[in-house]
Number of protein chains: 2
Amino acid sequence: MPEPLATDPYKGVRDFYPSEWARLQSVFGIIRTTLELYGYEEYNASPLERAELYEAKTSEEIVNEQTYTFEDRGGRRVTLRPEMTPTFARMVAGKRRELPFPLRWYSLPNLFRYERPQRGRLREHYQLNVDLAGLSSLHADAEIVRMAHAVLSAFGAKNQDFIIRINSRTLLTKLTEEAGLSSEGARAYIRLLDKKSKLPPEEFRASVSGLTKTDPLSFLEGGSPSVQEAKASIDQFLLLLQEAGITNAVFDPTLTRGFDYYTGMVFEVFDTNPENPRSLFGGGRYDGLVGMFGAESVPCVGFGMGDVTLLDFLETHGLLPEAHTAPELYLGTPDEGALAHALAYADTLRAQGLRVIVNLTSKPLGEQIKDAVRRGIPYFIAYGGSEESGSTVRVKTLAKSSEEEVPKDSVVEHIRR
Amino acid sequence: MPEPLATDPYKGVRDFYPSEWARLQSVFGIIRTTLELYGYEEYNASPLERAELYEAKTSEEIVNEQTYTFEDRGGRRVTLRPEMTPTFARMVAGKRRELPFPLRWYSLPNLFRYERPQRGRLREHYQLNVDLAGLSSLHADAEIVRMAHAVLSAFGAKNQDFIIRINSRTLLTKLTEEAGLSSEGARAYIRLLDKKSKLPPEEFRASVSGLTKTDPLSFLEGGSPSVQEAKASIDQFLLLLQEAGITNAVFDPTLTRGFDYYTGMVFEVFDTNPENPRSLFGGGRYDGLVGMFGAESVPCVGFGMGDVTLLDFLETHGLLPEAHTAPELYLGTPDEGALAHALAYADTLRAQGLRVIVNLTSKPLGEQIKDAVRRGIPYFIAYGGSEESGSTVRVKTLAKSSEEEVPKDSVVEHIRR
């Protein structure tokens, strides 16, 4: 006898049994419907990408330590995509002459990160990606924030359930210029700002002092005209959001978002639950990425929303949608001789859209009813020889333990009522 | 300037631009609806699996030469799943005490094979997997063949468009016993039979002679009682299928299906198109797989259907469904001052389920109409200050170049009519 195989999945990834998958798909269904109402179209790609795609732009830590990268037998270095934005930019660049700009695209890819086991984080998750390519106006930035707001609202979240923090990389750049920082110093400062909430205040101040005499943020009030212009643009942006009913957006000059590729507006959505006021997701404008493929640059703005955080937010706020894919009717079979008739009758019900399973086991009828209850199937009909020759069946509503005699051709109507 | 990045995907995988993804999703939608009518529930898992899962059961060629297998930083050997059945068996074994048998499950995973580039085959494809676990009767085998038949029929395929070839590993085993082959010899013979159609007849005959004096297939007529019993069981099975309207199933004693794990009924569906009479997909019974996880064994039967072959079959027979995810209405904006009103009006239409995009560019109205036509959006409304203050809008039907004045609150009704 060989050693038995283990039944657990590979470390850090999830198995989706039907009820879990149905839950995720019902969430994805609401997301898809919402985005398609706004004219966004779904795209996808393989999780396998050439490793160069990430080496060019993401931070070195990600490529070297946090991706699954390996060499194929042809000597090509392959990476399991850790994020979707580079793939989006690659696809846009690849067909930029044929595609009708502006593009409104979304995707629901699975992404892979090589997390060190002790962190207890997942190595694979799903992430909604929503992007608008080909427009550089504030209206485009506003539409992307509206999409983030629309998705949460579609689940029933109210403005008081979350807050949208807004900032601008343009403003941050101008502030660092004002403070006399080089572009390299500015990048270091922005990385520091990104970690600000995790650092003790003295340590943050000391690190800033190492870069510049004056904290760039101190130029926010009374800075140069170019700082004031960038600031005014944020005010105008917040007004656009207000007009669209997004009254839960605020300016946060310390918000940076990690990625180096952001070039303009950045935003991050936070749960307002006082017990767990954490970051949910975010995004921003990245106008330089498509140009890295040798094409003219295409202004882009978008966001990414992970499934684990979203499901957790929905669960905490009591907003998880119900999933409906289980069968609606269990057709019991009291005698095997009539099975062919039961199968044929089931098909007439399915033709009317009812989800039906037919018992194929030799269990007695009482056990079949128990089986239906255990599976959470709401209705049960025993279908044998007398049902085949008669014109009615007895429909059991299992939750109520009630039974009603119904004409065979009215069963779907009866159940749907 | 760094070297520009390439825009093509990794070798052998596909990018799915929105129209291609919508086409695939509309096909998957029909598959999902059909299977759920029969009570099948969707599951999924990560494409990352421990390599041991495949080393235990699939043929050596697959593990050593045709999978993506690499070592992670913790020294674990990881494989990108080349097929879904081992994952299915693993998940069933993992929760066999909690799950309500029989299970009716399906999945639409992407699968990976390391194909040598010169073969021109894909390295990633999608494959519908349908499985019924916990029943060993002919009725269960018949249900699985019905599912294969139901999926093709749901697209409008007729019985004359495809043929289902049926065989039984039980019968093949008994025939090889009759011919005096050891179980090792039987495996070699079955592998040979699997390649029969690709070999010159003399070569096949010569190879068989190397294994046994008499070709096991010659015992089909007038064999021992146990051969006759296995043969009678196939006849009974074909009758069950006939009762269910499956008149295009035939017995084919040379059918084997490649995998070693099949233990009973096997089937394969072929296109009957005389210009391209190729194999489409297949499946069979595999009762030993769940037991490899140290659990009591669970009888299973199922099939896998690849997306590339299916799409090709549907296209050849004119059965590809239409995909509908593009926006239905383009809301043109003649003046930027009224944009906020246009955005608000678009939201009232979306609340009624209409897919709407609002122009955010500064293009003149004529260009916006051309843009709508290029995108294949059927309706166009220009919404400016006068539309905001009035009670009607002019709805253009772009395909007919016609225009009609419609009350603002009847636009969705007008378009849906």
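**Entry 1: strand pairing across the chains**

Strands count as paired if DSSP finds at least two bridges between them. I noted Asn44(B) as the bridge partner of Phe16(A) in S2(B). Strands (E, at least two residues) and helices (H or I, at least four) are DSSP runs, numbered from the N terminus.

**Entry 2: conventions**

I record that the model is predicted, that local features need pLDDT of at least 70 and side-chain atom pairs pLDDT 80 or more, and that totals for chains, interfaces and linings use all residues. Residues are numbered from 1 along each chain as its sequence is written, chains are lettered from A and ligands numbered from 1 in the order in which they are written, and side-chain values use heavy atoms, with hydrogens and water left out.

**Entry 3: extent of the interface**

I looked up the contacts (heavy atoms within 4.5 Å) and found 92 residues of chain A touching 91 residues of chain B. The buried area between the two chains is about 8000 Å², with 58% from carbon and sulfur atoms. This area is the accessible area (1.4 Å probe) that two parts lose on being put together, summed over both. In chain A, the residues losing the most area to chain B are Leu5(A), Tyr10(A) and Tyr17(A), together 9% of what that side buries.

Between chain A and chain B I found eight salt bridges, each a side-chain nitrogen of Lys or Arg within 4 Å of a carboxyl oxygen of Asp or Glu. I looked up one of Arg50(A) with Asp8(B), where the closest N and O atoms are 3.6 Å apart.

**Entry 4: symmetry**

I noted that a rotation of 180 degrees, with 0.0 Å of shift along its axis, superposes chain A on chain B with an RMSD of 0.1 Å. This is the relation of a two-fold axis. The superposition is by least squares on the C-alpha atoms of residues with pLDDT of at least 70 in both copies. Of the residues of chain A, Phe70(A) comes closest to the rotation axis, its C-alpha lying at 3.4 Å. The same surface serves both copies, as 99% of the contact residues of chain A recur in chain B.

**Entry 5: backbone exceptions**

Most peptide bonds are trans, and most residues other than glycine have a negative phi. I found a cis bond from Phe101(A) to Pro102(A), with omega near -5 degrees. Pro102(A) is in the loop between helix H4 (85-94) and strand S6 (103-107) of chain A. The bond from Phe101(B) to Pro102(B) is cis, with omega near -5 degrees. I also noted a positive phi of about 50 degrees at Ser401(A), which is not a glycine.
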